Protein chains: 2
Amino acid sequence: MTRYRLLADALSARIEQGLYRPGDRLPSVRALSLEHGVSLSTVQQAYRHLEDQGLAVPRPKSGYFVPMTRRAPALPNVSRTPQRPVEVSQWDQVLEQISNAPSPDLIQLGRGRPDISGPTLKPLLRSLSRLSRRQDVSTLTYGSIHGDPALREQVSRLMLDSGCHIPADDIIITTGCHEALSAAIRAVCEPGDIVAVDSPSFHGVMQALKGFGMKALELPSDPLTGISLSALELALEQWPIKAIQLTPTCNNPLGYIMPEASKRALLSLAQRYDVAIIEDDVYGELAYHYPRPRTIKSFDEDGRVLLCSSFSKTLAPGLRIGWIAPGRYRDRVLHMKYMGTGSTAQLPQMALAEFIAGGHYEPHLRRMRAQYQRGRDMMLEWIARYFPTTVKVSQPQGSFMIWVEMPDGFDSHRLNRELQQHGVQIATGSIFSASGKFRNCLRMNYAAKPSAQVENAVRRVGETIASLLAEHD
Amino acid sequence: MTRYRLLADALSARIEQGLYRPGDRLPSVRALSLEHGVSLSTVQQAYRHLEDQGLAVPRPKSGYFVPMTRRAPALPNVSRTPQRPVEVSQWDQVLEQISNAPSPDLIQLGRGRPDISGPTLKPLLRSLSRLSRRQDVSTLTYGSIHGDPALREQVSRLMLDSGCHIPADDIIITTGCHEALSAAIRAVCEPGDIVAVDSPSFHGVMQALKGFGMKALELPSDPLTGISLSALELALEQWPIKAIQLTPTCNNPLGYIMPEASKRALLSLAQRYDVAIIEDDVYGELAYHYPRPRTIKSFDEDGRVLLCSSFSKTLAPGLRIGWIAPGRYRDRVLHMKYMGTGSTAQLPQMALAEFIAGGHYEPHLRRMRAQYQRGRDMMLEWIARYFPTTVKVSQPQGSFMIWVEMPDGFDSHRLNRELQQHGVQIATGSIFSASGKFRNCLRMNYAAKPSAQVENAVRRVGETIASLLAEHD
């Protein structure tokens, strides 16, 4: 046996014996070299071997760690969708979820809220507070319907990271990504039109389709690579689809990042069948790897992609500031925005422009990405520890949400009712489907820094799932 | 001749001779009694006589004043409307107006902006600034879709002043009155439906009708009493009208207050033909007399009135906080709001709730009402001084906007283009009509405290009108 294998086996045994526990840092390369009297490169070879076996994970500049979860749980199934356009339902369930204000008595694992407690947000709050004291027209009256020029400049600059070269003039600031998506849908579609959506999909968009009298055609999505292109092609062949709406980067709720080749292929399909693409990129900047993935918009040549995003997931939802790069639909989108809310509040726009121009945004993003990646690892560990082994779990590549699939027939609504008695709330899977699918699934949030309180809540979820599953047997 | 008439004639002569100029305070009752050796009641009789003749106006606790404008100009004509539902146009003109951000180089007499420079706003800015520093979920994350509970309580209390007893639970906070109106329209109507509107009417609502594919049936409105009830009844008889949308109190742009009896009669008609009423009350609290006029909503018995309002005209538009009391349409309105923007920003809601609960709102309203009334008087005076005598002018009873009608064939678009070269902007009349009427009219704002700069701008408007009219001859 080679030296590095001997060393690897020794380390592996220590890990198996629990000498190093999940999440622990393993000894440094230098320390092992001294301890075992082998060269640095032998230790590195040993670690690479452990890495291949899933027993060690490297972290840049920090060394090797014991993975949080050593056995990855199975992935959720690719969704089986109705294969025909449907009217969207589930409004009552969405309403139930969003009616609750933040409350100290309820651990709301179901909401799509980022962590807003970190120190890197402070400069933004200082800007907000200082600008709030200014009694002048720039903060207190209507701004331009297009948005604050300084913020549009900054957003244009930020979009370069995703491969988009879009001048500030072609960006419109909106009241959150919600308004961007809502305006995009109305700019492209008429009542009765069919919109193809990924499935599971963000409930906000589907409720907008419902409200505007459009139909959703749910397309099966792979939990690692996203929307099925073959299913999409078939659908485009079969139905008069007006637009494709999807979240290809750090998907909500599945957490996948659609490969760049698939993004290009999807755009080609859209060109071939001449349909618009409404791309939700609200989590795109929270991909765990850097540089961030490219958007479909970055490959767009003829302005058919309407890119929608916001600062709600990267900074704070309470700001209610988003944006849209509407391509060729600019005038229609402006009209829809004017109808919906008029101009967007100036104060948060000005504070955001200051924050980004001051160089505070990148360090904040770096911090949040790292925190959410650790949160993901911890959540996977907790699920492995506390959930029945029959559940299937997504492997988020960004953002702060995880999707858990229970066996067929499981009722996540009943689960939520039981949990609420214990002060815990999850998002039931069915709100992520136009046709009420995914009732056996749930979405949980891991944005908050791991704490005993959150761990207890997750444990409670796992135990309640187990007890409901036991009833079934 | 009686003593009081002798005294009245003497005073009248002094006014005519310019000894007291428009806006001057006239001698006190006591001073005149001493000067002329007559009783206090004789002086009072003399003043009442002058008042009847339009030569003196009393101001509570301040005595008598020379009216700013002694000859009231003629009122605008009652609009002649198309008598059939039309698709709304004029979006390009509206866009032109709202694209301009506030600028020191442009006197924007055309915008619907209140004065935000007064000291009574200070406590609100202090609250905003203090709350902005708070890094917690209540300010930085999503609030309830219904709005902040404390603000809803305060709005419920405010609405008592207009005769409305509406519990906080039946009020939904929105992103400005714009979102309230937009949600109301979509909650009540489907694409293709007909909505009866006052004419001239607020362009925001009409652009919403356009965007949602509805048709506007413009009803002639009297410049003193508002929407013609006989025309409305005829229209209800003839067309399948789904809703009536109007601004009955301090109408935009005409400034009238619909008499209470007419409000009741309009509600009866709506009941008889079973249509909804979308009541825009955004200027209602700025009526010059106190207590403020009642809303149509205050007479509503079966929840058919959707009352829409905001703090944009009373406090500051930049807050983007409005509300809706949607009556029986509550669930639909909530859905429309969720689709459009999700929940409304928490920070300004919390600051507003503090401001109102702290007793700062009433004194602010009193101050603004008085300022705007003086602004109205000054604007009427300037128009009398600088505008051709052929113009007709509204007599606003509240708010801060005046409507000027030039002779038929006059082109306010051309006027605006000429004016912009001189750094002045007015609102062209045609944006206040679904069918592009009122091209010979304009709207101006008198919210700002009278200044030489504004007076020059108004003089420039008058001179440019005169020169354009001269070309015609």
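Colleague: Which domains does the assignment give for chain A?

Modeller: Domain bounds come from an automatic or database domain assignment. For chain A these are domain 1 (3–65), domain 2 (91–99 + 120–357) and domain 3 (363–472). This is a predicted model, in which local features need pLDDT of at least 70 and side-chain atom pairs count only at pLDDT 80 or more, while totals for chains, interfaces and linings use all residues. Residues are numbered from 1 along each chain as its sequence is written, and chains are lettered from A and ligands numbered from 1 in the order in which they are written.

Colleague: How many residues of domain 2 of chain A are in contact with domain 3 of chain A?

Modeller: Contact requires C-beta atoms, placed from the backbone, within 7 Å. By that criterion, 28 residues of domain 2 of chain A meet 28 residues of domain 3 of chain A. On the domain 2 side, α4 (91–99), β5 (194–199), α9 (203–211) and β6 (215–222) of chain A each supply at least two residues; helices (H or I, at least four residues) and strands (E, at least two) are DSSP runs, numbered from the N terminus. The largest share, three residues, comes from α4(A).

Colleague: In what order do the four strands of the open sheet lie?

Modeller: Strands of a sheet pair through backbone hydrogen bonds, either parallel or antiparallel. Pairing here requires at least two DSSP bridges between two strands. The order is β12-β13-β16-β15 (chain A), with antiparallel pairing. Because β12 (392–393) and β15 (427–428) of chain A each have a single partner strand, one side of each is left without a neighbour in the sheet. Two bridges join β12(A) to β13 (residues 401–405) of chain A, and Lys392(A) stands opposite Glu405(A) in β13(A).

Key. Two residues are in contact if their C-beta atoms, placed from the backbone, lie within 7 Å.
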